[in-house]
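Here are a few friendly notes to read alongside the model. Please keep the viewer open as you go through them.

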Amino acid sequence: MIQLHELQFIIPLITICVASVLVLIVEVFSRNREVVFAVTTLSVFVALIITIRDISYSTIILNNFININNVSSGFNIVVLLSVLLSLLESRSYLIKKQINFGEYYAIILFSLIGMMLMVMANDLLIVFLGLEMMSICFYILAGFMRKRIKSNESALKYFLLGAFMTGFLLYGITLIYGVSGTTNLMVLFSNTLLHQEPLFLIGVGLFLIGFLFKIGAFPFHMWVPDVYDGAPTIVSGFMSTAGKIAAVATIFPIILKLNILDYRIIISVVSVLTMMFGNIIALAQTNIKRLLAYSSIASAGYLLVGLAAFNDMALRGILFYTLAYSFMQLGAFIVVGIIEKSSSDNKDFSNISLDSYKGLAKRNPVLATIFTLFLFSLAGIPPFAGFWGKYYLFVAAIKANLIWLSIVAILLSVIGIYYYLKVIVYMWFTDPETDETYIMSPLGTTAIILSIAGTIFFGLFPEIFFELIRFY
Amino acid sequence: MLEGYIPIFIIIFISAAFAFLNINLSSLLGPNRPNKEKLSTYESGMEPIGTAHDRFSIKYYMVAVSFIVFDIEVVFLYPWAVSFLNFPKPEMIYSFVIGLIFIVVLAVGLIYEYKKGVLKWD
Amino acid sequence: MLEINYYLILSALLFSIGVLGVLVRRNAIIIFMSIELMLNAINISLVSFSSYLGEISGQIFVFMVLTVAAAEAAVGLAIIISLYRNKSTVNIDEINILKW
């Protein structure tokens, strides 16, 4: 039975739940999208503030279903932050694309509920429910431009593959349950005898596969470029940050706490292959959305390097990398969204080939500078946040005696610098082909300023984040 | 346990093999000379009208989707209703409130559907 | 009362049929039905584990899986229909604008 006082620990979650229902009601009764947008943004903002305020809570509540500690709250902060940033730019993008329906905001909030639940889960049941709430909302969001074939197609691909992989994830959960007789994660962590059972290992492996799909790791990465290419740009940004971070935040602590070192070699190999595919195929891309998609695959590889370390530094690196990643990846996607929505023909996605970035610095130096900063951070050049993210991850791997892995990772991220530089060269050192001007809405500008500020600030003072979430 | 079923399995196997064999024998041995008349759809000797891939009203789809979702929600209400009377009094109120919250959330979905005009048949 | 093994073998077989269906069929609706078959195969093994272990949470899990499958069905059919309206096909070999 739930005690009423337990609810104070999940006020952010309750805020989002109430707001999502409210948004639906406002949408059908008044159709006032300004109110819908205001309610959505405000609720996410309030949830973010309360989560930061309550960072010191550490408890297991609601019949052992929810586990709140500084790590889960830290990940929740990152997720909420990236949802907030993408919401700020969403409105002008949706209006320009004539898809400004109130349902968009409701679905964003529903998926946010799923993400937060999943991050705080202490039971495989909650993990499953949260993951599905998030994924089903993503299927809808990917197909949100329902008149465009590209958007439909990306939604269908994402849906069929996602539902297929859910089957494997569930089979894994079933095996874990069959061997252990429980779905409670705390019991599973503490019962170390269980960790030698072959059926249990297979179960955890299938469970991990389901999540590797969601974070876009090799060999389950093929959907990533297609879906990010076809989905509305701002949704791609949202999926590649918030969605990926939530999946990482759920599975990585579980695997780290299970501490099954037999998996180390598999995870290392997967991470090397993921980085290779992400970085090398990105070299050949001429479409900026696909390029960012491959760069997000590479990022999944870097995160897996941290996971393979299986030590205390690993969680630190993963936490910081997700924070840096949410700022820089989302920032880059917002810039791409601004350039894409400004194109004169409004029929299908245009302005997303690298050619439309030619001479951007001459046409709009501010936008070009901002985009360059994000790309530098993604490439891992100091002093931006992306550098420290990679640094912590690779240090964790070195501490765990995985020297070869960190050397490979560093080499591959050096290859990665090449394709980011290619975009930068296009922007600064070629002549413009068009003379389009770009519209920046005030809210979108705020989102960009926040992302830039985050990228630079956490690049200069990386330790402040750990102090904020009391993680030493 | 399963031994009693062995004759049935044998019969299933033999009949499946027999049917499979005969169907394939006729296409192997018989002459194969298709023409337009033979390939067209057999519709009781009449000329076929339209295609079999005709679209039907999208309303059926809407009803089907609403049905799936609400049908499954009933699955949750049954165990709740059955175990309701077994609780002592304070837990009864608690479980009543929980059930109420569940139904309210569903009702919001229903109101949304109604206002969007999904339930209007014409 | 049959042994649990029979149920698990049945469930594994149904799951494999579902996987095979997803991999070889080309019609989006049939692929989707195969996925549903996979989920229901999992339900069988969850229920049989639950009854074998004498522990109720497996059966509760089945309720959740059923619900999620229904929600997925609603969304999936909607996606397939909106694609069909634009493209007049649900054959996934013809759905191929997005590559490279």
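**Notes on the predicted model**

1. B:Thr41 is exposed, as 10 other C-beta atoms lie within 10 Å. B:Thr41 sits in the loop between α2 (36-39) and α3 (59-84) of chain B. From B:Thr41 to B:Ala107 there are 66 residues in sequence and 48 Å in space, C-alpha to C-alpha.

2. A word on conventions: this is a predicted model, in which local features need pLDDT of at least 70, side-chain atom pairs count only at pLDDT 80 or more, and totals for chains, interfaces and linings use all residues. Residues are numbered from 1 along each chain as its sequence is written, while chains are lettered from A and ligands numbered from 1 in the order in which they are written.

3. Chain B has 4 helices and 0 strands, running α-α-α-α from the N terminus on. Here helices (H or I, at least four residues) and strands (E, at least two) are DSSP runs, numbered from the N terminus. Of the 122 residues in chain B, 0% count as buried.

4. Between chains C and A, the contact takes 34 residues from chain C and 31 residues from chain A. On the chain C side, α1 (4-24), α2 (28-53) and α3 (57-87) each supply at least two residues. The most come from α3(C), with 16 residues. By class, that side of chain C has 24 nonpolar, 7 polar and 3 charged residues.

5. Within chain A, α1 (residues 11-29) and α2 (residues 33-53) pack at about 180°, their axes 9 Å apart. Axes are lines fitted to C-alpha atoms, for helices over the stretch in contact, and angles run from 0 to 180 degrees between N-to-C directions. So α1(A) is roughly antiparallel to α2(A), a label for angles over 145 degrees. Their contact has 13 nonpolar, 4 polar and 1 charged residues.

Methods
Contact = placed C-beta atoms within 7 Å. Nonpolar A, V, L, I, M, F, W, Y, C, P; charged D, E, K, R; others polar. Parallel < 35°, antiparallel > 145°, perpendicular 65-115°, else oblique. Buried ≥ 20, exposed ≤ 12 C-beta atoms within 10 Å, placed from the backbone.
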